[in-house]
Amino acid sequence: MKKLKRELGFNMLDSLYTEAIRKKGQINDEINEISDSKIKIEEKWNSEEIIPTESNPTIAAGDGSVNKKKYLSFNFYAVAAESLIYTDKLEKIETVEVNTIPHQSFVDDRLRNIMAIFEIKNAIMALNSYDIDYYLDDGSLLGDLIRPSPSSNRLSKSKRDFIIKTVEEEIKKDIEGENPTIKSFDFKQDFKELFEDEDLDEDSLMSFLENIEKLISLSYLLKHNKNIVAVSKTSSSNEIFRVNIPDIALFDKFSKKQGFSKPFYRNLSSKVKHEFPVEDEFFRKLSFTIFYARLEDYKNIIKIELPYYADEDQIRKILADLKKDSADGYPFLLYKAHHDVVIKNRDMEKLSNVVGLIEKSGREML
């Protein structure tokens, strides 16, 4: 809706309020157009009480966070990851990084990769150091694997192969060590000639290195596949009902009692057309069990991925074990890890003050 406003003091928000009032009915009709008759929830949902287990499984959970503050000539970023392990007391593994990164096309992808490496290596350390029954990973492991690196095609195949041959063993040694780091940060000297090549984009080279490190780390983590439970609060997947609304939203709308959906199974080979630059054979053999669950009546639906085949009886056991240490229908350790690790904008302001960054961000005039 376009209007010419001539009066002084005009506030754009006033027009937005007016437009929202005008479209209120239309928008709500569109939201509610999926009716019960089109969605047969009962065919896809096991509505049954989940009884908390009487056993005492050892549960761990991990999450990560990343944020950045944009300046005129660079980005200032902070990354943190935390793993919590509950045995007879609460143990914690944490990794943090504060640094700058140049402006580039895929800066957010690079920062997410750095965060993912921290999360994965923390999880590996937890699984190697403690006798853990379930490691709860926040997010989608399948999503991490099927998402290709945007920078891979910016390097020739010969250069990619040379880089992998050079770094693969060093990355594995780091993962197997006592204090894993982001090993990619150390490779600038090893690839000095490549970094000085004017025909090569340094940012693409670093992005490729970090992606290789993430994939190798994931291969180590997924060797513990029977201990891993990936949990998502949101999802855009519509593989069950095949309509333009995510499955998780439909389960939440048309079911209110606790229970879980009929599981479906995905082989990674059927989801990924590209070849993995490392560990391709291992990744392509992976299969996933995917389902949705509500641990308590009227609480939120969660999506769960298991990186192996699990039948409904195995799913019932996992849900009973998770429910024992859940609050308001969500695993407590995962909730705590998320709230511990989240980096807010005000945190970035404080961190930039600590570092002493005084360069303009470009927003000072607003």
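Good morning. The buried residues of helix α7 are covered by elements that include β1 (45–47), β6 (228–232), β7 (259–261), β9 (287–294) and β10 (302–306). Covering here refers to contact, that is, heavy atoms within 4.5 Å. The model is predicted, so local features need pLDDT of at least 70 and side-chain atom pairs count only at pLDDT 80 or more, while totals for chains, interfaces and linings use all residues. Residues are numbered from 1 along each chain as its sequence is written, and side-chain values use heavy atoms, with hydrogens and water left out.

Helices (H or I, at least four residues) and strands (E, at least two) are DSSP runs, numbered from the N terminus. Which residues of α7 are buried? In this helix, residues 247–254, they are Asp247, Ile248, Leu250, Phe251 and Phe254. These residues lie on the same side of α7, because they cover an arc of only 165 degrees around the axis. That arc is taken from the directions from the helix axis to the C-beta atoms. Buried means under 20% relative accessible area, exposed over 50%, and partly exposed in between, with a 1.4 Å probe and protein chains only.

I turn now to the cores. A nonpolar core is a set of buried Ala, Val, Leu, Ile, Met, Phe, Trp, Tyr and Cys residues joined through side-chain atoms within 4.5 Å. The largest has 55 residues, and Leu145, Leu221 and Phe283 have the most contacts inside it. At least two residues of this core come from each of α2 (107–129), α3 (141–146), α4 (157–176), α6 (202–221), β6, α7 and β9. Helix α6 gives the most, with 10 residues. Leaving aside residues up to four places away in sequence, Leu221 touches Ile120, Ala123, Ile124, Leu127, Leu141 and Ile228. A second, separate core has 25 residues, including Ala61, Ala310, Leu319 and Leu322.

Finally, strand β3. How many of the 12 residues of β3 are buried? In this strand, residues 75–86, the number is 11, and the strand is mostly covered. Two strands pair if DSSP finds at least two bridges between them. Strand β2 (residues 59–70) runs antiparallel to β3 and is joined to it by 12 bridges, with a hairpin of four residues linking the two. Strand β4 (residues 90–101) is also antiparallel to β3, again through 12 bridges, and three residues lie between β3 and β4 in their hairpin. Ala80 in β3 stands opposite Ser65 and opposite Val96 in β4. Glu82 stands opposite Glu94 in β4. Thank you.
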